[in-house]
Amino acid sequence: MGGARTDLLLHPVRIRVVQAAVGCELTTGELAAALPDVPTASLYRHVRRLVDGGVLEVVAERPVRGTVERTYRVALDAASLDPDDVAGLSPHQHVEALAAFTTGLLQSATRYLDDPVADPAGDGFGYRQVPMWADDEEFAAFVADLRAVLRRAAERGPGPGRRRRTLTTVVVPDPLPPGAWDEG
């Protein structure tokens, strides 16, 4: 797609691995259960690439039947593209990456909703779109504030009574030129 970092992070299977693992500590077996449509050999290959790229880190190892089972977590700082990476993507590459990202999101939502004990209202399941008006400086401040709030929530980690919930954000600027909405 682009540079080594974008190629690593924007592969459709690796996007889904990161989506499944973010905020968790999982073995490859647990990842395979979360991504049942990904062949095991392919999953191991993608996990290895993510480990080699610093996106997944090994947090535990234990011997299991003559082999070593590793437990992984996402290194949050390594799991996103920086502005230079994003600027280097073509519009087509953005569409491909967004398609892979939303496919993973839809599969996750489908797994949840197919669970007979799912309680969308009680569990806080939802989706919404919120338009906002901001100049570039206001938007940059909003994004910085949102990142700080999300980082605090993500760093909290698992604990008694806590349930993993995934908040997904996608920002799509309106294609109208600045000033097109101004009254006058």
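Colleague: Which residues are buried in α2?
Modeller: Val 13, Arg 14, Ile 15, Arg 16, Val 17, Val 18, Ala 20 and Ala 21 are. Buried here means under 20% relative accessible area, exposed is over 50%, and partly exposed is in between (1.4 Å probe, protein chains only).

Colleague: And what's the model behind this?
Modeller: It's a predicted model, where local features need pLDDT of at least 70 and side-chain atom pairs count only at pLDDT 80 or more, while totals for chains, interfaces and linings use all residues. Numbering starts from 1 along each chain as its sequence is written, and side-chain values use heavy atoms, with hydrogens and water left out.

Colleague: Back to α2, how many of its residues are buried?
Modeller: Eight of the ten, so helix α2 (residues 12-21) is mostly covered. Helices are DSSP runs of H or I with at least four residues, strands are runs of E with at least two, and both are numbered from the N terminus.

Colleague: What follows α2?
Modeller: Gly 23, which has a positive phi near 80 degrees.

Colleague: OK, strands. How does β1 run relative to β3, parallel or antiparallel?
Modeller: Antiparallel: two bridges join β1 (residues 26-27) to β3 (residues 67-74). Strands count as paired if DSSP finds at least two bridges between them. Thr 27 has Thr 71 as its bridge partner in β3.

Colleague: How many bridges do β2 and β3 have?
Modeller: Eight, in the antiparallel sense.

Colleague: Where is Gly 54, then?
Modeller: In the loop between α4 (40-52) and β2 (56-64). Gly 54 is partly exposed, at 32% relative accessible area. Leaving out residues up to four places away in sequence, Gly 54 touches Ala 75 and Ala 78; a contact is heavy atoms within 4.5 Å.

Colleague: How many aromatic pairs does the structure hold?
Modeller: Three. Rings of Phe, Tyr and Trp (its six-membered ring) pair if their centres lie within 6.5 Å; planes under 30 degrees apart are stacked, over 60 edge-to-face, and the rest tilted. Tyr 112 and Phe 125 are a stacked pair, at 5.4 Å centre to centre with 20 degrees between the planes.

Colleague: Which parts does that pair tie together?
Modeller: Tyr 112 lies in helix α6 (residues 91-114) and Phe 125 in the loop between α7 (120-123) and α8, so the pair links parts 13 residues apart in sequence. Tyr 112 counts as buried at 17% relative accessibility, whereas Phe 125, at 32%, is partly exposed.

Colleague: What about Phe 139 and Phe 142?
Modeller: They make a tilted pair, 6.2 Å centre to centre and 35 degrees between the planes. Both are in helix α8, three residues apart, so about one helical turn separates them. Phe 139 is partly exposed at 28% relative accessibility, and Phe 142 is partly exposed at 36%.

Colleague: Last one: which residues make the nonpolar surface patch?
Modeller: Leu 98, Val 170 and Val 172, covering about 270 Å². Val 170 is in the segment after α8 (136-156), and at 47% relative accessibility Val 170 counts as partly exposed. Patch residues have over 30% relative accessible area and no salt bridge, with like charges joined within 9 Å and nonpolar side chains (Val, Leu, Ile, Met, Phe, Trp, Tyr) within 5 Å. A salt bridge is a side-chain nitrogen of Lys or Arg within 4 Å of a carboxyl oxygen of Asp or Glu. The areas come from Shrake-Rupley with a 1.4 Å probe, and for residues only the protein chains shown count as cover.
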